[in-house]
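I opened my notebook to look around one protein model and write down what I found. Here are my entries, in the order I made them.

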Amino acid sequence: MASSQCCDNPPTLNPAGGAGKVVDSFGGLKAYVAGPEDSKAAVVLVADVFGFEAPNLRKIADKVALSGYFVVVPDFFRGDPYAPENTERPIPEWLKSHTPEKGFEDTKPVIAALKEKGVSAVGAAGYCWGAKVVVELAKAKEIQAAVLLHPSFVSVDDIKEVKCPISVLGAEIDKMSPPELVKQFEQVLSANSGVGHFVKIFPGVSHGWSVRYSEDDTAAVKSAEEALADMIDWFNKNLK
C-alpha cells in the first residue's frame, strides 16, 4: 500500500496555472492542454495523487510543449485529488475510488481523441500513481514511448510485459520503488532485446522529487530539470 512518502511535499493546487489552457472535455475528461494543436506527436502526462492542477506538473507540460509536442494532462480524479488535510480519507481510502487500473481505462479515449486530431505518435509519462497507469498503457501497446518517474505500484511482472520503449527515472530515497527494485526493472529490460530502455537512479532525491520539488531547494530543482531533460530526450528519440 502507498507509504506516507507518496504524499510528501503536497503542492498548492492552482486551477488557472500554466501557459496552456483547460478544456472541459478531451476524450471525456477535463484536461490541461499545451503546445501546437497540429502536432503529429503528442504526450499524455499522468499526474501523481495530487492531480492535474499541480503547478510544477503544468510547468513540465509547458516545457514538453516547447519541444513541439501537443501535451494533454487529464483530470483523472474528476475534481477529487487526494487531500492530505482530509484525515477521514487517508490515502488507502482515497485509492479505492481512484485505482490506476481505472486511470488506464480512462486514458484510452484520450488517446483515441488524439488520433482523431491527426496525431500519429503518442508518448506518456507518469509520476508516482501515474507511472502505474503508464506501464499499463505500455503493456497494452496503446502508446509508442513511456516514461515512469519514481513509480508507485509497478512490479517486475509489469515491466516484463512492456511492449514499447520505456524509460524509468528513479529516486535514491524511495520506499515505493527503491533502487534495488529499479535495478531489477533494468535487468528485465536488458534481457528483452525487443524493447528499448533507459534506466537511471537520481542520487540524493526522494520519491516524488521530479514533480514535487521545492522551488527554493536548488539541488532538487536541478535534479528535476535533469529528469525533465531525460524525459524529453526519450520522447524525441522515440516519437519523432
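**Entry 1: His207**

I looked up His207 and found it in the loop between E8 and helix H7 (209–212). Helices (H or I, at least four residues) and strands (E, at least two) are DSSP runs, numbered from the N terminus. The model is predicted, so I noted that local features need pLDDT of at least 70 and side-chain atom pairs count only at pLDDT 80 or more, while totals for chains, interfaces and linings use all residues. Residues are numbered from 1 along each chain as its sequence is written, and side-chain values use heavy atoms, with hydrogens and water left out.

Is His207 buried or exposed? His207 counts as buried, at 4% relative accessibility. Buried means under 20% relative accessible area, exposed over 50%, and partly exposed in between (1.4 Å probe, protein chains only).

Next I checked what the His207 side chain meets: a polar contact of 3.0 Å joins it to the side chain of Asp174. A polar contact is a pair of N or O atoms within 3.5 Å; within protein, one must be able to donate a hydrogen and the other to accept it, and residues adjacent in sequence count only if both atoms are side-chain atoms. Leaving out residues up to four places away in sequence, His207 touches a list that includes Cys6, Cys128, His150 and Arg212. Contact here means heavy atoms within 4.5 Å.

Cys128 is buried, with a relative accessible area of 2%. Its phi is positive, about 55°, although Cys128 is not a glycine.

I also noted Asn9, with a positive phi of about 50° although it is not a glycine. Asn9 sits in the segment before E1 and counts as exposed, at 54% relative accessibility.

**Entry 2: the sheet**

In what order do the eight strands stand? They form an open sheet in the order E1-E2-E4-E3-E5-E6-E7-E8, with mixed pairing. Strand E1 (21–26) and strand E8 (197–206) are at the edges with a single partner strand each, so one side of each has no neighbour in the sheet. On average, neighbouring strands are turned by 20° against each other, direction ignored. Two strands pair if DSSP finds at least two bridges between them. As a reminder to myself, strands of a sheet pair through backbone hydrogen bonds, either parallel or antiparallel.

I then zoomed in on E3. Strand E3 (residues 41–46) pairs with strand E4 (residues 70–74) in the parallel sense over three bridges, and Val44 has Val72 as its bridge partner in E4. E3 and E5 also pair in the parallel sense, over six bridges, with Ala42 opposite Val122 in E5.

Why is E3 largely enclosed by the rest of the structure? Six of the six residues of E3 are buried, so the strand is largely enclosed. Ala41, Val43 and Leu45 point one way, and Ala42, Val44 and Val46 the other way.

Helix H6 (residues 179–191) lies across strand E7 (166–173) and E8, running at about 170° to E8. For such angles, axes are lines fitted to C-alpha atoms, for helices over the stretch in contact, and angles run from 0 to 180 degrees between N-to-C directions.

**Entry 3: the cores**

I looked for nonpolar cores, meaning sets of buried Ala, Val, Leu, Ile, Met, Phe, Trp, Tyr and Cys residues joined through side-chain atoms within 4.5 Å. The largest has 53 residues, and Phe26, Trp129 and Ile166 are among those that touch the most other members. Helix H4 (residues 129–139) gives the largest share of this core, seven residues. A second, separate core of 39 residues includes Ala41, Leu45, Val73 and Ala125.

**Entry 4: Gly118**

My last stop was Gly118, in the loop between helix H3 (100–116) and strand E5 (121–127). Gly118 is partly exposed, with a relative accessible area of 26%. Its C-alpha atom is separated by 7.5 Å from that of Asp38, 80 residues apart along the chain.
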